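Please look through the model shown here before reading the questions and answers that follow.

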Amino acid sequence: MNVQTRVKERAEEQSSAMSDDQQAAIRMLANDLHRLNHSIMKAVEAGVSVELVRSGRHHSGEGNWGDLMIPVIVTQKGA
């Protein structure tokens, strides 16, 4: 299970024109997504299917927004 998701690298490429606070927030998000991706892979290897679904959207009030996610877990009968 050595899948390269490149979350950190992609976030760094996209954050080059951001403020220091924005870059720190993006680094935290990239780290969390990296851990989430590994957790999803472990769950799949344990025998469940995982789908992330947008449960809502957070707005800053200044035009910025972000999708909020929940997992939908599916198991096969007999597993």
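**Strands and pockets**

In this predicted model, strand β1 (residues 48–59) and β2 pair in the antiparallel sense over eleven bridges, where strands are DSSP runs of E with at least two residues, helices are runs of H or I with at least four, both numbered from the N terminus, and pairing needs at least two DSSP bridges. Residues are numbered from 1 along each chain as its sequence is written. Local features need pLDDT of at least 70 and side-chain atom pairs 80 or more, while totals for chains, interfaces and linings use all residues, and side-chain values use heavy atoms, without hydrogens and water.

Q: Which residue in β2 is the bridge partner of H58?
A: The two strands β1 and β2 run antiparallel to each other. Within this pairing, the partner that H58 finds in β2 is G66.

Q: Which residue takes a positive phi in the hairpin of β1 and β2?
A: The hairpin has five residues between its strands. A positive phi near 90° is taken there by G61.

Q: Which element gives the most to the lining of the second largest pocket?
A: A pocket is an open set of points on a 1 Å grid over the protein atoms alone, where a 1.4 Å probe fits, with protein on both sides within 12 Å along at least five of seven lines, and lining residues have an atom within 4 Å of a point. Both α1 (7–14) and α2 supply at least two residues of this lining. With five residues, the element that gives the most is α2.
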